[in-house]
Amino acid sequence: MSKKNVLVVCGTSVATSTVVKEALKEQLPERGVDVGTIAKGKATEAQSKVSSGDFDLIVTTTSLSEDRFDVPIIQTTAFMTGIGEDEVLDEIAAALSE
C-alpha cells in the first residue's frame with residue numbers, strides 16, 4: 001500500500017484544521033493507514049492545493065462543493081465535539097484504503 005496524503009480544510013486553516021490534522025496523524029496509523037503528508041489549508045485554497053494531484057482525500061470542517069474536486073471529501077465536526085470521532089476515523093481509513 002502506498003502512502004496516503006490528506007488535505008485538512010477549515011475556514012482559516014488555523015484552529016480546527018490543526019486539531020483534525022493532529023488527530024489523523026495519531027489515529028490513522030492505528031487503523032492501518034500508511035500516512036504520507038497531512039497538510040492544512042483554507043477552504044478557499046482547497047481546489048488549488050488538490051489540483052496538484054498530491055492528495056488522496058480531503059477532510060473538511062466546512063462545506064465544500066464536491067463536484068469541484070476529483071478526490072473524495074469527508075466533512076465532519078466530530079473532532080471538535082468528540083461525538084462520532086471513531087466512526088469518522090473508520091470512514092476516513094476506509095476511504096484511504098480504496
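I began with strand β3 (residues 57-60), which pairs with β4 in the parallel sense over three bridges. I counted two strands as paired if DSSP finds at least two bridges between them; helices (H or I, at least four residues) and strands (E, at least two) are DSSP runs numbered from the N terminus. In this pairing, Val 59 stands opposite Ile 74 in β4.

A note on the source: this is a predicted model, in which local features need pLDDT of at least 70 and side-chain atom pairs count only at pLDDT 80 or more, while totals for chains, interfaces and linings use all residues. Residues are numbered from 1 along each chain as its sequence is written, and side-chain values use heavy atoms, with hydrogens and water left out.

Next I looked up the whole sheet. I found four strands in an open sheet, ordered β2-β1-β3-β4, with parallel pairing. At its edges are β2 (35-42) and β4 (73-75), each pairing on one side only. Neighbouring strands are turned by 20° against each other on average, direction ignored; axes here are lines fitted to C-alpha atoms, for helices over the stretch in contact, and angles run from 0 to 180 degrees between N-to-C directions.

Then I turned to the helices. Helix α1 (residues 16-27) packs on the sheet and touches β1 (4-10), β2 and β3, where contact means heavy atoms within 4.5 Å. The direction of α1 makes about 155° with that of β1.

Which residues of α4 are buried? I listed Val 88, Leu 89, Ile 92, Ala 93, Ala 95 and Leu 96, with buried meaning under 20% relative accessible area, exposed over 50% and partly exposed in between (1.4 Å probe, protein chains only). They cover an arc of only 160° around the axis, so they lie on the same side of α4; the arc is that of the directions from the helix axis to the C-beta atoms. Their cover includes β1, α1, β3, β4 and α3 (78-81).

Last, I checked Thr 76, in the loop between β4 and α3. Thr 76 counts as buried because its relative accessible area is 7%. Its side chain reaches the backbone nitrogen of Ala 78 at 2.9 Å. Leaving aside neighbours within four places in sequence, I found Thr 76 in contact with Val 59, Thr 60, Thr 61 and Val 88.

How values were computed. A polar contact is a pair of N or O atoms within 3.5 Å; within protein, one must be able to donate a hydrogen and the other to accept it, and residues adjacent in sequence count only if both atoms are side-chain atoms.
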